[in-house]
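Trainee: I would like to go through this model and ask what stands behind each label.

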Amino acid sequence: MYPLKRNRRLRTTAALRELVSESTLSISDLLAPLFLIDGSNIKESVDSMPGVYRYSVDLALKKAKKLYDMGIPGILLFAKIDQKLKDNSGESALNENGLMQKAIRQIKKNIPNLILCADLALDPYSIYGHDGIVENKKIINDRTNNVLAEIALSYAKNGADIIAPSDMMDGRVYCIRKILEKNNFVDTVIMSYSVKFASSFYGPFRNVLDSNPSFGDKKTYQMDFRNKKEGINEALQDIEEGADIIMVKPGLPYLDIVNELSNKTNVPIAVYQVSGEYSMIKSAEKMGWINYKNVVIEQLMSFKRAGASIIITYFAEEAVKFLKENE
Ligand code: PBG
């Protein structure tokens, strides 16, 4: 009781605050998303996400090397698929010379120790911009799973270390795990987007990939943002189905889910600070309304405090700079 207890005592000096700090943010916690586009020597800026670019494979390789040299342990690949290659079932995602496959091969060959994660979903390949096969305006679960499993195998064969299904179909982790085991890819990691909410924070990203749904929304497969128990259920089920890492997405509005999962599970938790979160901070920076560096670090640290061990963030490269400045 006061005055015997003075909470300010341990805040007196920087050294004391450092001594008693409960969370740390390290470069080794970060994964950087990377966007791919067909062609060569292309670095295309994106209106909705200042500082983020689409790269052709040759320049993506250079970028990946830069990130690796900075100490970033891994990247998460996304492909912007040419409109001509889109259909209802993601046929072109299986092409051995598809954009993802080419990028995975090139990067793995040249930077073997960089952790290569491949986002897996149909929406970039879908004429409807949906994460599954569409029939009568419905997203068909089980047929989508079969295709996802085949694509996962193709990514793994080409050298992906981590498959990251972002589609939210039921049972897809099991289907992916099964096909990987059957083909002897026993060490391929599955990082499942387990608790992925139907969120308006994905807006800027969909502009990057030109993947806006052409009808309806994603609420029949992505989660209702009013729910927490359902999210825990999703994650526990994915672990049972063979996920090695579970993910919560978006990040900041869902720290309660991250925290609950860190109490209830014993697998690593990844959090995805998504495009809308990034672009909001960027625009506030542009307006001169915030201390950009401090806000970035504060948000990333909050993920660690909540219990995440992996942070997927568009700030990865800048965060490394900030962390090094603070050393
Ligand atoms: C696609 C996918 C999305 C994101 C990652 N994978 C968009 C969506 O589900 O519509 C969002 C990432 C971001 O906003 O940064 N399945």
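**Labels and their cut-offs**

Mentor: Start with a loop: D187 lies between α5 and β9, where helices (H or I, at least four residues) and strands (E, at least two) are DSSP runs numbered from the N terminus. The model is predicted, so local features need pLDDT of at least 70 and side-chain atom pairs count only at pLDDT 80 or more, while totals for chains, interfaces and linings use all residues. Residues are numbered from 1 along each chain as its sequence is written, and side-chain values use heavy atoms, with hydrogens and water left out.

Trainee: Why is D187 called exposed?

Mentor: Exposed means over 50% relative accessible area, buried under 20%, and partly exposed in between, with a 1.4 Å probe and protein chains only. D187 has 68% relative accessibility, so D187 counts as exposed.

Trainee: What is the label for D210, and why?

Mentor: D210 has a relative accessible area of 44%, so it is partly exposed. D210 sits in the loop between α6 and α7 (229-241) and has a positive phi of about 55 degrees without being a glycine.

Trainee: Which residue does K249 join through a cis peptide bond?

Mentor: K249 is joined to P250, with omega of about -5 degrees. P250 is in the loop between β10 (245-249) and α8 (255-264). Another cis peptide bond joins Y2 and P3, with omega of about 5 degrees, and P3 lies in the segment before α1 (14-20).

Trainee: How do you know that the length of α2 agrees with what a helix should span?

Mentor: The expected span is 1.5 Å times one less than the number of residues. Helix α2 (residues 57-70) has 14 residues and should span 20 Å; its end C-alpha atoms are 20 Å apart, so the two values agree. The buried residues of α2 are V57, L59, A60, L61, K63, A64, L67 and M70. Their cover includes β1 (30-37), β4 (74-80) and α11 (316-325). Just after α2, G71 takes a positive phi of about 105 degrees.

Trainee: How does the reach of α4 compare with the expected value?

Mentor: α4 has 18 residues and reaches 26 Å from its first C-alpha to its last, close to the 26 Å expected. Among its buried residues are V147, L148, I151 and Y155. The buried residues of α4 pack against elements including α3, β5 (115-120) and α5 (172-182). Just after α4, G159 takes a positive phi of about 125 degrees.

Trainee: What makes a set of residues a nonpolar core?

Mentor: The members are buried Ala, Val, Leu, Ile, Met, Phe, Trp, Tyr and Cys residues, joined through side-chain atoms within 4.5 Å. The largest such core here has 110 residues, and those with the most contacts inside it are I75, L77, I107, Y155, M191, L261 and Y272. Its largest share, 8 residues, comes from helix α4 (residues 141-158). Not counting residues up to four places away in sequence, I75 touches partners including L31, A64, L67, I107 and L116.

Trainee: Why is α10 called roughly perpendicular to α11?

Mentor: Their axes, lines fitted to C-alpha atoms over the stretch in contact, have angles running from 0 to 180 degrees between N-to-C directions. The axes of α10 (residues 292-306) and α11 come within 10 Å and cross at roughly 100 degrees. Under 35 degrees counts as roughly parallel, over 145 as roughly antiparallel, 65 to 115 as roughly perpendicular and the rest as oblique. So α10 is roughly perpendicular to α11.

Note on methods: Contact = heavy atoms within 4.5 Å.
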